[in-house]
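Please keep the sequence and the structure in view while reading.

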Amino acid sequence: MENTTLFENLTTLDFLSNRSEIARPSTTEILLRFEPYSVYIDRIVSPIWYIIGLFGNPISAKIWLGKESRKKSSAIYLGLLAIVHMFQLIIHFVFVELTYTWDIPTNNKPVLCETLNVLSIIPQYLAPLLVLGFTVERYIAVCHPFKKETFCTVRRAIIVIACLTALSVGFACVQADLWTYYPKYKECFSKNENQKFQTIWTASTEIMFFLVVPLCVLMFNILVIREIKRITSHGPAVTAGGSQTSTVTLLSVSFYFICTLLPASVVYAIQNEMPNGKMENLLSLERIESDPVWLSFFTYIAVRKVVEEICLSNSACYFFIYYITGKYYRQQVNSFLMIDKCCRKFSDKDSTLSSEKTKYSLVSTNGNGMHATQI
């Protein structure tokens, strides 16, 4: 969803070829002039997600793929999801943040143009599929517990993940044929001869990965919740197919995924419906300023940037969900970060001070005050 710029995908190569000697302002220059908040949001909020994600995702991967955790098939999905999210944040920084937020192009080189477009889209395709994978598995475990031993195994999870990865890479590789580097303009553009195919392909894949998949996840979650409600309505019980803790964790991840991805899908879907100003006005900041249609379009861009940042949090904040809802995960994090050791140290210090205080009592002497007297 973020492998195109705001204006390059609107500007045809034929249009630029007739004006090759004119220096066109960059996307960052245009936004800083007419909608600076969209750039400031990127520059302030994105680094926060990078820090959180590059701290939490490696810890999540280590815990879920650890010796004890990986005995459960759902942990395999969560472990790989953490790796995918870490990779996505790195690519987002290199490809999107530097190029379009800080105006430091990283894709204006041969090979890099096609490669970065492919690499940036792989995690965007794979992450939703992994969420769908463990959601379906949880549905089977809860709603069809007798089939759990057949379908919810580590071996089957690895096979499914391998297939989903191959599917994501296959779909993403199409981007290499849609984009190319043009030495004449020293920029990475979509191929002019593939414009019609690119429009159809982009619309189809975005509907599939960013609309249909989240809706399927939502549907399976509703079925799981209904089954849990039916089971627990007869009295307290552990959910069939697993502990309540793991079920709550997976449901929380799924719903957070839906809440952050669906709004982004809607915002991107309406982009093609937004009116664009005259293309030739993009050649000059002064001409853009006199075009009310472009100025209106920038308001949409500001809204889109906010939604993009909410969507990006999906790659960074699962650490908090795991920590809040998962007892085992919380214990492992506390142990890894030595939080328990620090807490015990302070607890021992408090108990020592408390025992020292018990050696003394306060007694009154003729109303002249209180004096500490050793017992």
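L129 counts as buried, because its relative accessibility is 8% and the cut-off for buried is under 20%. The model is a predicted one. L129 sits in helix α5. Leaving out residues up to four places away in sequence, L129 touches L164, L167, S168, F209 and V213.

One of these partners has a C-alpha distance. L129 and S168 lie 39 residues apart in sequence, and their C-alpha atoms are 8.5 Å apart in space.

## The chain as a whole

The protein has 15 helices and 4 strands. Of its 375 residues, 47% count as buried.

How much of the contact set links residues 24 or more positions apart? Among contacts with a separation of 6 or more, such pairs account for 72%.

## α4 against α5

Helix α4 covers residues 73-101, and helix α5 covers residues 112-143. They pack at an angle of about 155°. Their axes are 9 Å apart. The angle makes α4 roughly antiparallel to α5, because angles over 145 degrees count that way. The crossing of α4 and α5 is left-handed. By class, their contact has 16 nonpolar, 8 polar and 2 charged residues.

F87 belongs to helix α4. Is F87 buried, partly exposed or exposed? F87 is partly exposed, because its relative accessible area is 33%. Not counting residues up to four places away in sequence, F87 touches L119 and P123.

## The loop between α4 and α5

Two residues of this loop have a positive phi. D103 lies in the loop between α4 and α5. Its phi is positive, about 60°, although D103 is not a glycine. V111 lies in the loop between α4 and α5 too. For V111 the phi is about 70°, again positive in a residue that is not a glycine. Most residues other than glycine have a negative phi.

D103 counts as partly exposed, because its relative accessibility is 32%. V111 is exposed, with a relative accessible area of 59%; the cut-off for exposed is over 50%.

## α4 against α7

α4 also packs with helix α7, residues 154-173. The angle is about 30°, and the axes are 8 Å apart. That makes α4 roughly parallel to α7, because angles under 35 degrees count as roughly parallel. The crossing of α4 and α7 is right-handed.

Which residues make the contact? From α4 come S73, I76, Y77 and L80. From α7 come V154, A157, I158, V160, I161 and T165. The residues of this contact divide into 8 nonpolar, 2 polar and no charged.

## The buried face of α2

Helix α2 spans residues 27-34. Its buried residues are T27, T28, I30, L31 and F34. Seen down the axis of α2, these buried residues fall within an arc of 160°, so they line one face of the helix. An α-helix has 3.6 residues a turn, so residues three or four places apart point the same way.

What covers this face? The cover over the buried residues of α2 includes α3 (36-64), α4, α11 (285-289) and α12 (292-312).

N221 is found in helix α9, which runs over residues 195-232. N221 counts as buried, because its relative accessibility is 2%.

Which residues does N221 contact, leaving aside neighbours within four places in sequence? N221 is in contact with T135, L251, S254, F255 and I258.

Key. Residues numbered from 1 in each chain as written. Predicted model: local features only at pLDDT ≥ 70, side-chain atom pairs only at ≥ 80, totals over all residues. Heavy atoms only, no water. Axes fitted to C-alpha atoms, helices over the stretch in contact; angles between N-to-C directions. Parallel < 35°, antiparallel > 145°, perpendicular 65-115°, else oblique. Left-handed = near helix turned anticlockwise from the far one by under 90°. Nonpolar A, V, L, I, M, F, W, Y, C, P; charged D, E, K, R; others polar. Buried < 20%, exposed > 50% of the residue type's maximum accessible area, 1.4 Å probe, protein only. Arc of directions from axis to C-beta. Contact = heavy atoms within 4.5 Å.
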